[in-house]
Amino acid sequence: GYHAVFLTNEQVYFGKLEKIKKDERFVKLIDVFYLNDVPVADDADFAVKGDKRSLDLSLVKLGHELHAPIDEMNISVDQILFWERLKDTGPVVQSILSFQNK
């Protein structure tokens, strides 16, 4: 199944965690996606809700960036705060499955 991996730099990646061995320093995440937050423009101004700007979140597949990385990440366990298993019925996994079916 898919996991959400929360890092110490406040980034979150979604993908499939490979088997994790007890004494490993890195974990491998494959089929990787991440959130891209784009400010929502409102008449050339940013929409403001409270003290935060409104953001339009989109799911991005790793590998489509300028430097063209391979679709896997090796993440140091020191940089991971925690990870969670995602439900197949949740919006992130549904978006991933929709992307894969295109």
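Modeller: Happy to! pLDDT is the predictor's confidence in each residue, on a scale from 0 to 100. Please keep in mind that this is a predicted model.

Colleague: Which strand has the lowest confidence in the chain?
Modeller: The chain averages a pLDDT of 85, and 81% of the residues score at least 70. Confidence is highest in strand 1 (residues 3-7), at 97. Where pLDDT is low, the predicted coordinates should not be read in detail. The lowest mean, 50, belongs to strand 5 (residues 45-46).

Colleague: Are the planes of Tyr13 and Tyr34 stacked or edge-to-face?
Modeller: There are 3 aromatic pairs by the rule used here. For Tyr13 and Tyr34, the ring centres are 6.0 Å apart and the planes meet at 65°. Planes over 60 degrees apart count as edge-to-face. Therefore the pair of Tyr13 and Tyr34 is edge-to-face.

Colleague: How many residues apart in sequence are the parts that this pair ties together?
Modeller: Tyr13 belongs to strand 2 (residues 12-17), whereas Tyr34 sits in strand 3 (residues 26-39). The pair therefore ties together parts whose separation in sequence, in residues, is 21.

Colleague: Of Phe33 and Phe99, which counts as partly exposed?
Modeller: The rings of Phe33 and Phe99 form an edge-to-face pair, with centres 5.5 Å apart and planes at 85°. The pair links distant parts of the chain, with Phe33 in strand 3 and Phe99 in helix 1 (residues 91-100), 66 residues apart. Phe33 has 1% relative accessibility and counts as buried. At 36%, the partly exposed residue is Phe99.

Colleague: Which element gives the largest share of the lining of the largest pocket?
Modeller: The largest pocket has a volume of about 210 Å³, and its lining includes Tyr13 and Tyr34. The lining residues divide into 5 nonpolar, 1 polar and 2 charged. Strand 2 and strand 3 are the elements that give two or more residues to this lining. The largest share, 3 residues, comes from strand 3.

Colleague: Is Glu10 buried or exposed?
Modeller: Glu10 is one of the residues lining the largest pocket, and its place is in the loop between strand 1 and strand 2. It is not a glycine, yet its phi is positive, at about 75°. Most residues other than glycine have a negative phi. With a relative accessible area of 75%, Glu10 is exposed.

Colleague: And Asp31, is that residue buried or exposed?
Modeller: Asp31 is found in strand 3, and its phi is also positive, near 55°. Buried means under 20% relative accessible area. At 14% relative accessibility, Asp31 counts as buried.

Notes:
Residues numbered from 1 in each chain as written. Predicted model: local features only at pLDDT ≥ 70, side-chain atom pairs only at ≥ 80, totals over all residues. Heavy atoms only, no water. Phe/Tyr/Trp six-rings, centres within 6.5 Å; stacked < 30°, edge-to-face > 60°. Helix = DSSP H or I, 4+ residues; strand = E, 2+ residues; numbered from the N terminus. Buried < 20%, exposed > 50% of the residue type's maximum accessible area, 1.4 Å probe, protein only. 1 Å grid on protein atoms, 1.4 Å probe; cavity = no way out; pocket = protein on both sides within 12 Å on 5 of 7 lines; lining within 4 Å. Points joined across faces, edges and corners; volume = space filled by probe spheres on them. Nonpolar A, V, L, I, M, F, W, Y, C, P; charged D, E, K, R; others polar.
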